[in-house]
Amino acid sequence: MMPLYCRVMSDLAMQITETWAIHNRVNLYLLDAIEPDSLKLALKEKGRTVGQLFAHMHNVRLMWLKPAAPELLDGLEKLDDVATHAQLTKALKQSADAIESLLRKSVAEGGKVKSFKRGVVPFLGYLISHESHHRGQIGWILKHTGHPLDRTI
């Protein structure tokens with residue numbers, strides 16, 4: 001039988017990674033519901049577009065991976081401001097997988113995340129909060145440019 005500490009850490013890793021997976025599925029569900037032409041929409045001339053907000057989410061993930069687990073950056077590239085729907089989808093899936101690996105690694109190392117002094121659970125909270133904020137911005141942009149999301153989304 002597995003020692004209690006190992007079971008607790010295994011359960012914690014599972015809960016943390018499942019929470020992250022649910023969050024990323026919401027991002028991808030939203031992206032999938034948006035017409036590719038709507039990625040160019042913004043509320044003001046110099047404001048971020050819908051596509052730029054999705055690219056920003058991916059790029060911030062890479063920003064955190066660089067100091068915390070640079071080995072997980074292999075094959076990942078920063079997105080530019082004109083990434084296509086397909087590029088955004090692929091990148092968000094790949095960076096989510098890398099963040100999941102970082103979360104697992106962090107739990108295995110006692111909950112520490114290199115370059116984030118609060119630990120793995122607050123780090124997960126930060127990531128979800130940051131990206132959810134931008135999902136809200138995306139919904140706001142779509143609504144106020146005459147392209148609201150369907151109520152079922």
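Which residues do ring pairs link into a cluster? In this predicted model, the cluster consists of W64, F116, F123 and Y126, joined through ring pairs. The structure as a whole holds five aromatic pairs, and two of them are worth a walk-through here.

Let's start with W64 and Y126. Their ring centres are 5.5 Å apart and the planes meet at 70°, which is over the 60° cut-off, so this pair counts as edge-to-face. W64 sits in helix α2 (residues 50–68) and Y126 in helix α4, so the pair ties together parts that lie 62 residues apart in sequence. The other pair, F116 with F123, is also edge-to-face, with 5.2 Å from centre to centre and 65° between the planes.

| Residue | Relative accessible area | Class |
|---|---|---|
| W64 | 14% | buried |
| F116 | 15% | buried |
| F123 | 0% | buried |
| Y126 | 27% | partly exposed |

F123 also turns up in a helix contact, so let's look there next. The axes of helix α3 (residues 85–108) and helix α4 (residues 120–144) come within 10 Å and cross at roughly 160°. Angles over 145° count as roughly antiparallel, and therefore α3 and α4 are roughly antiparallel to each other. On the α3 side, the contact is made by I99, L102, L103, S106 and V107, while α4 brings V120, F123, L124 and L127.

How values were computed. Residues numbered from 1 in each chain as written. Predicted model: local features only at pLDDT ≥ 70, side-chain atom pairs only at ≥ 80, totals over all residues. Heavy atoms only, no water. Axes fitted to C-alpha atoms, helices over the stretch in contact; angles between N-to-C directions. Helix = DSSP H or I, 4+ residues; strand = E, 2+ residues; numbered from the N terminus. Parallel < 35°, antiparallel > 145°, perpendicular 65-115°, else oblique. Contact = heavy atoms within 4.5 Å. Phe/Tyr/Trp six-rings, centres within 6.5 Å; stacked < 30°, edge-to-face > 60°. Buried < 20%, exposed > 50% of the residue type's maximum accessible area, 1.4 Å probe, protein only.
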